[in-house]
There are 2 protein chains.
Amino acid sequence: MAAARTTRRNGRREALLQAAAEVFFEQGYAATSIDAIIERAGGSKRNIYNEFGNKEGLFSAIVTESADNLLSPLVIEEIEGHDLRATLTAFGRHSMDAYMSPTLIGIYRIAVTEANRFPDLVKSFYEQGPGRTAVRLAEVLEAARERGEIQADDCLRLAGHFVGMTRDNLHLQVVLGLRPPPSDEEAREAVASAVEIFLNGVRRSRK
Amino acid sequence: MAAARTTRRNGRREALLQAAAEVFFEQGYAATSIDAIIERAGGSKRNIYNEFGNKEGLFSAIVTESADNLLSPLVIEEIEGHDLRATLTAFGRHSMDAYMSPTLIGIYRIAVTEANRFPDLVKSFYEQGPGRTAVRLAEVLEAARERGEIQADDCLRLAGHFVGMTRDNLHLQVVLGLRPPPSDEEAREAVASAVEIFLNGVRRSRK
DNA sequence: CGTCAATGGTAACGCCTATTACCGGAGGCC
DNA sequence: GGCCTCCGGTAATAGGCGTTACCATTGACG
């Protein structure tokens with residue numbers, strides 16, 4: 001049956017992507033060799049070249065598929081009661097979880113260095129991930145503004161401030177490998193603190 | 001005279017560091033070849049190996065020296081009147097300028113991917129840069145807390161929130177090559193907005 | 001002006017990498 | 001069951017890399 005062959009092939013594809021992602025994320029794009037990937041995945045190089053064409057193709061597949069898996073929930077999930085505090089908290093927790101996940105940390109690391117080599121890839125990564133998140137949050141804030149709960153002149157900038165506040169030095173430290181991702185407890189505290197400041201800051205009259 | 005030889009040598013050293021930094025920042029560590037550096041700097045490979053020992057030595061020299069030049073002003077400068085708004089604004093502006101400078105963007109890009117290869121280098125980079133900045137700001141906040149101007153339980157976390165807010169998506173976009181560094185005007189606005197939110201957020205009673 | 005030490009340039013070495021040519025074997029199809 | 005197509009593994013190719021051996025040159029010093 002063709003189907004059997006297809007599923008077997010999909011399994012292979014998955015295994016390859018998995019192994020390749022691990023090596024790419026550990027070593028970076030340039031320092032990763034096809035041999036190293038095969039060593040981890042089993043099989044042979046021919047397998048990779050049949051499935052992805054070349055190294056660039058494999059890398060692109062990883063980034064787009066991982067980004068899809070990780071980031072789409074962030075967008076789709078309709079976090080939207082009318083309680084702004086709850087909404088922000090949920091938003092913060094979800095984005096923190098996503099940003100701190102090993103996979104996204106890995107992608108982030110490579111995206112940063114390979115921005116010159118894969119500009120399109122990086123652009124779509126940003127737009128589907130952090131960019132869309134910010135836009136979505138800006139909409140939420142806009143709605144709150146129209147309800148008179150907050151004062152703001154540029155909701156997109158405000159959204160940026162908020163996500164920046166939740167990311168802050170934690171993300172930097174994790175990305176630099178200086179500390180492990182935060183525990184649930186730490187994440188909860190960081191988000192709560194950020195939400196509190198943000199809400200207070202935005203609620204009162206601003207110039 | 002030995003002095004003449006020394007200064008000529010220092011000039012060479014500077015030129016090499018400059019050229020090497022450009023290539024490293026554009027291409028990343030692994031993808032940068034010694035030949036490419038020489039092509040840009042003139043001279044010959046022997047020059048590099050005499051001066052820096054090997055590729056790692058050259059790279060380490062770049063990171064430590066650039067970081068020193070760029071980050072030490074951030075710490076030394078004693079921004080400290082008793083006007084918290086002015087202090088925060090100055091702090092925000094300085095750190096924004098530093099973080100958005102092409103050199104620091106370049107270092108940041110590489111530090112992120114080469115964290116596994118050069119853990120010590122990355123650690124000292126963080127501690128001399130973002131880490132120390134946060135600690136310094138935390139001290140300022142602590143002082144304000146003791147004067148009763150703000151309420152806080154963890155000033156270091158608060159400091160992290162503030163710098164995160166000023167960096168926010170701008171830094172991410174610049175690092176990913178999706179937009180140029182902000183103009184003075186944009187930087188001013190972003191910092192002013194962050195300061196406003198932060199001050200309001202922190203001033204009122206927090207749980 | 002001759003000697004000597006050190007430095008800069010060229011070319012080689014050995015290794016590693018992405019990519020492909022080739023071949024053996026394992027199914028699908030009649 | 002026999003043929004045929006496709007796929008996976010091995011080994012070869014061609015190029016690039018960091019590093020070093022070797023030689024020419026230069027500038028200081030007596």
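Predicted model: local features only at pLDDT ≥ 70, side-chain atom pairs only at ≥ 80, totals over all residues.
How many salt bridges does the rule count over all chains? The count comes to 30.

**Stop 1: a pair within one helix**

Select R145(A) and E142(A). These two residues form a salt bridge, and their closest N and O atoms are 2.8 Å apart. Now colour helix 7 of chain A, residues 119-146: both partners lie in this helix. They are three residues apart, which is about one turn of the helix.

**Stop 2: where the chains meet**

Next, show chain A and chain B in two colours. Here 46 residues of chain A are in contact with 47 residues of chain B. The size of an interface is often given as the accessible area lost when the parts come together. For chain A and chain B, about 4300 Å² is buried between them, and 61% of it is on carbon and sulfur atoms.

How many salt bridges does the rule find across this interface of chain A and chain B? It finds two. To look at a salt bridge between the chains, select R157(A) and E189(B): their closest N and O atoms are 3.6 Å apart.

**Stop 3: the largest cavity**

A search of the whole structure finds nine cavities of 30 Å³ or more. The largest cavity has a volume of about 150 Å³. Two elements each give two or more residues to its lining: helix 8 (155-175) of chain A and helix 8 (155-175) of chain B.

Colour them by class and you will find four nonpolar, four polar and four charged residues.

**Stop 4: the largest pocket**

Our last stop is the largest pocket, with about 460 Å³ of space. It is lined by 23 residues, and those closest to its centre are A21(A), E22(A), F25(A), P102(A) and T103(A), so select these five to find the place.

Now show three helices of chain A: helix 1 (2-27), helix 4 (55-76) and helix 6 (102-113) each supply at least two residues of the pocket lining. Helix 1 of chain A gives the largest share, seven residues. By class, the lining of this pocket divides into 11 nonpolar, six polar and six charged residues.

Finally, why does the largest pocket lie between domain 1 (1-53) and domain 2 (65-203) of chain A? Colour the two domains separately: the pocket lies between them because both give residues to its lining.

Definitions and conventions: Residues numbered from 1 in each chain as written. Chains lettered and ligands numbered in written order. Heavy atoms only, no water. 1 Å grid on protein atoms, 1.4 Å probe; cavity = no way out; pocket = protein on both sides within 12 Å on 5 of 7 lines; lining within 4 Å. Points joined across faces, edges and corners; volume = space filled by probe spheres on them. Helix = DSSP H or I, 4+ residues; strand = E, 2+ residues; numbered from the N terminus. Nonpolar A, V, L, I, M, F, W, Y, C, P; charged D, E, K, R; others polar. Domains from an automatic or database assignment. Contact = heavy atoms within 4.5 Å. Buried area = accessible area lost by both parts, 1.4 Å probe. Salt bridge = Lys/Arg side-chain N within 4 Å of Asp/Glu carboxyl O.
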